[in-house]
Amino acid sequence: MKTPFYNRRSFLIAAGLGGLSLATAPRGLIGAAWAQDGLAPTETMRGGSNNYRPNAPLVDNLGRGFEMSGTVRRAGDGAPLEGVRIQIWAATTRGGEREPSNHGSVLTRADGTYRLEMEQIVPNFGQPHGHLAYDDGAYRTVFLRPVMPSASDTSLTADFVLAPA
């Protein structure tokens, strides 16, 4: 039996080729199963569930002047999800996050989009932010708490990518 010859040069070449194959391999071989198919699920944000109210009512709007919108897609293939309930709440000119008139839910359209008009968001604990949640069981629960660049912004977009529960 012939013994292979290893030296520093052959080791560096082998390590380089291994690293190159990992860098160029399909994402599913080196990452999460969702990355294999393309679109990874949205991770829940810390602090996103503050003042969440299960089954917040479906509403047409929560006031005027500020728009929350986004798209809801399925992890993996990125297909838009219709009829998904997204709950939205925030501290607004009406009051804090616990104010009932600052809570409502909307359903996504056939193209996966949703939209809700509400009163102007105001900073809460020094940050202007909104809360959005998916929590209906068919997919894993996701709570989002995106922070706005400025308290004078009049819109906020938050997209969801949901993974089956």
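Modeller: Let's start with Arg115, which is partly exposed because its relative accessibility is 38%. On this scale, buried means under 20% relative accessible area, exposed means over 50%, and partly exposed lies in between (1.4 Å probe, protein chains only). Please keep in mind that this is a predicted model, where local features need pLDDT of at least 70, side-chain atom pairs count only at pLDDT 80 or more, and totals for chains, interfaces and linings use all residues. Residues are numbered from 1 along each chain as its sequence is written, and side-chain values use heavy atoms, leaving out hydrogens and water.

Now to the partners of Arg115. In a salt bridge, a side-chain nitrogen of Lys or Arg sits within 4 Å of a carboxyl oxygen of Asp or Glu. Arg115 makes such a bridge with Glu67, at 2.7 Å from N to O. Glu67 belongs to strand S1 (residues 66–74) and Arg115 to strand S4 (residues 113–118), so this pair ties together parts that lie 48 residues apart in sequence. Strands here are DSSP runs (E, at least two residues), numbered from the N terminus. Glu67 is itself partly exposed, at 27% relative accessibility.

Arg115 also meets Glu117 in a salt bridge, with 3.7 Å from N to O. Glu117 has 19% relative accessibility and therefore counts as buried. Through shared partners, salt bridges link Arg64, Glu67, Arg115 and Glu117 into one network.

The whole structure has 4 salt bridges. One of them joins Arg74 and Asp77, whose closest N and O atoms are 2.7 Å apart. Arg74 is partly exposed at 30% relative accessibility, whereas Asp77 is exposed, with a relative accessible area of 52%.

Elsewhere, strand S2 (residues 85–90) runs antiparallel to S3, and 5 bridges join the two; DSSP must find at least two bridges for strands to pair. Within this pairing, Arg85 has Leu107 of S3 as its bridge partner. Of the 5 residues in S3 (residues 103–107), 4 are buried, so the rest of the structure largely encloses this strand.

The protein chain averages 85, and 78% of the residues score at least 70. Residues 1–31 have pLDDT below 50, and beyond near neighbours in sequence this stretch has 6 contacts in the model, a contact being heavy atoms within 4.5 Å. Where pLDDT is low, the predicted coordinates should not be read in detail.

Terms used
pLDDT is the predictor's confidence in each residue, from 0 to 100.
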